[in-house]
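Take a look at the model below. We go from the interface to the sheet behind it.

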Amino acid sequence: MAEAASRPAAEAVITATDLVRRFGDFTAVDHVHVSVAPGEVFGLLGANGAGKTTTIRMLCGLLPPTAGHIRLAEVDMVRHPRRARGRLGYVTQHFALYAELSVRENLALQAGLYGLSPARARERIAWALQHLDLEHLADHKARALPLGHRRRLDLAAALLHEPHILFLDEPTSGVDPLARQQFWELIYALAAAGIAILITTHYMDEATYCDRLALMHAGRIIAEGSPDDLLARPLPTPLLEVRGEGCAACSRWLADWPEVLEIIPHAGYLRLRLRPGTDPQAVIRRLPEEAARRGQRVEAAEPVAPDLEDVFVTLLEQDASP
Amino acid sequence: MSGSLVVGLRRLGALLRKEFLLLLRDPRMRFFVVVPPLIQLIIFGYAATFDVRHADIGLVDQAASRESRSLVAAIHGTGHCRLQRHADMAAAEAALARGRIRAIVRFAPDFDRTRRLQIVVDGTDSNSAQVILGQLNRALQQAAATQPPRIELVERNWFNPNLEDRWYFIPGIMANVVLIATLILTAMSVVRERELGTLERLMVTPLGRLEFVIGKLLPVALIGLFDVLLIMVIATLWFEIPFRGSFPALLVGSLLYLLSSLGIGLLISTYTRTQQQAMLLAFFVIMPLVILSGFAFPIANMPRAVQWLTWLDPLRYYLVVVRDLFLKGSGLFDHGFEYAMMTLLGLASMGLSMLRMR
């Protein structure tokens, strides 16, 4: 049910068609299509084991696909992997540079590995140090950097050779919110410079920063589109927000109501997902009475718009029970 | 294309620079390159010998005659053993059973009449038993020879006039130490990168397989050569073993030997995911390589099928080269066969590793 890419494939710099990867009997990636245009931030979402990392590893040429085609910036990745690799940058999930080398030495190594001339390498390293705010740490060993800076070093190392394409595999996991914010500002700046960016993430708020999203489940892309498109889909499961003093206690008896599919507790309020076909107004009318009967107070109960997480949970449920 | 060659060399240079920086910065690595080879050489240099010196011999002299005393003096005079007197055989046998002595020499009360004496040797260590028996036999025969022999044998042991076991063993220890150090270093240096995830990062760059392999192996090869020179200096200066052969031949032989030991290390790295696995597998491989090499047990004494197996052991060929270089004084062109076999094994293991690396 993947929707057609919202941009024409002709201008895409990442084009993967019918990508399949099997490990023995297990199909990790099942006929996946990906196309990303220059300057676009494309988010790949899904639980652990959904096939995100396997997809990225194939796109980077680390893992040969069982079937399918990959073109990166006009180069066939399967046939000319070394040429294609020169056009991409890859930031792995875990820090993958050398802890015992300094920031500058790590960058010099990467510049050399991409075959930059000494003069060009100096120029690019200076640019990266300045641009990613690592100048004051240039002679520190990578081991001594805080995690957020290490991620920035990782990113700097992937940018020295001016790639057309950047793959970021959960680049912000474990990073504090401020550093994540800064990281995303960098990503936007890079996209604005025309780099195609494919990013995987666990964080739903980050998903909304992407221009386009694809949700992976069990090796397949089960939904694709801009965050607004995905949010605009009518949800079969109405959502309610319930506020009230001590309303957390309500969840005990609410769980017994047949209309309630799921209760998501938040600080100071509850989010209720109702079963498909339920009339939310009926539930809203019954709620305060029921609470009052038990000596609890519901101040407000109202229908709310879904967020991306609600959309994805629904999509995953639909995918699991066709 | 010269342009792509320049770029290739740039990549290789960057990789080599990183390897050396990491190697020099890691205190464990610096330690691993120098200390274990030295300790192995010193310990094996003293321990690896079949010579029997200062064996404790029990003496039961029930004859106590002039003749028995003169034979005892002859045994004592060899300087190879320390004599312990026991009152009777029961006491001597108990000492032998406890391992306090390794042989018993007994003169029975009627020795002067029968002219027969008894020697009992502890056969648990069969090799030492034979050596002790030989020493005692020679001492007693010489002392008992009253008439001048009709034929005088003049013995000469070529290349090792005093038949020093150490002269035979230390060149072999050099070969072993270099094998252990370089094979483990190679396997570990690749597997460590796999474990840390840095290997994957290298593999997304345009770095080629051959460039990667050269960048990984060249530093280890230099360490191997350094170990060869270090051990040679100690062997000649400390253990005073002559080095009679050509130095260029040592370099060529060592380089070809390193080709195969690095190749095997690389092959091990393609079969393992963690440093622990690599270490274990390396030991499983090193043991048979040492035993089949002829380092301690002559290949000619092995069953035919096992002898065929030794053809696959690069250590076997290098042992011939270093022993000949030290003791026989061979030259650069005396070991074509050994050079060829080591090259063959080296290229085969490297080729196989490259195929397995994807």
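Four salt bridges are counted between chain A and chain B. The rule asks for a side-chain nitrogen of Lys or Arg within 4 Å of a carboxyl oxygen of Asp or Glu. One of these pairs joins Arg25(B) to Glu105(A), with the closest N and O atoms 2.8 Å apart.

This is a predicted model: local features need pLDDT of at least 70, side-chain atom pairs count only at pLDDT 80 or more, and totals for chains, interfaces and linings use all residues. Residues are numbered from 1 along each chain as its sequence is written, chains are lettered from A and ligands numbered from 1 in the order in which they are written, and side-chain values use heavy atoms, with hydrogens and water left out.

Polar contacts come next. Ten residue pairs across the interface of chain A and chain B qualify, both residues at pLDDT 80 or more. Such a contact is a pair of N or O atoms within 3.5 Å; within protein, one must be able to donate a hydrogen and the other to accept it, and residues adjacent in sequence count only if both atoms are side-chain atoms.

Which elements of chain A give two or more residues to the side that touches chain B? They are helix 2 (81-85), strand 6, helix 3 (103-113) and helix 5 of chain A. Helix 3 of chain A gives the most, with five residues. Helices (H or I, at least four residues) and strands (E, at least two) are DSSP runs, numbered from the N terminus.

Now the extent. In total, 32 residues of chain A are in contact (heavy atoms within 4.5 Å) with 25 residues of chain B. The buried area between the two chains is about 2500 Å², and carbon and sulfur atoms give 58% of that. Buried area is the accessible area (1.4 Å probe) that two parts lose on being put together, summed over both. Arg82(A), Tyr98(A) and Leu113(A) supply 28% of the area that chain A buries against chain B, more than any other three residues.

Turn to the sheet. Chain A has an open sheet of six strands in the order 6-7-8-3-9-10, with mixed pairing. Two strands pair if DSSP finds at least two bridges between them. Strand 6 (88-91) and strand 10 (220-225) of chain A are the edges, each pairing on one side only. Inside the sheet, strand 3 (residues 41-45) and strand 9 (residues 212-217) of chain A pair in the parallel sense over four bridges. There, Gly43(A) stands opposite Leu213(A).
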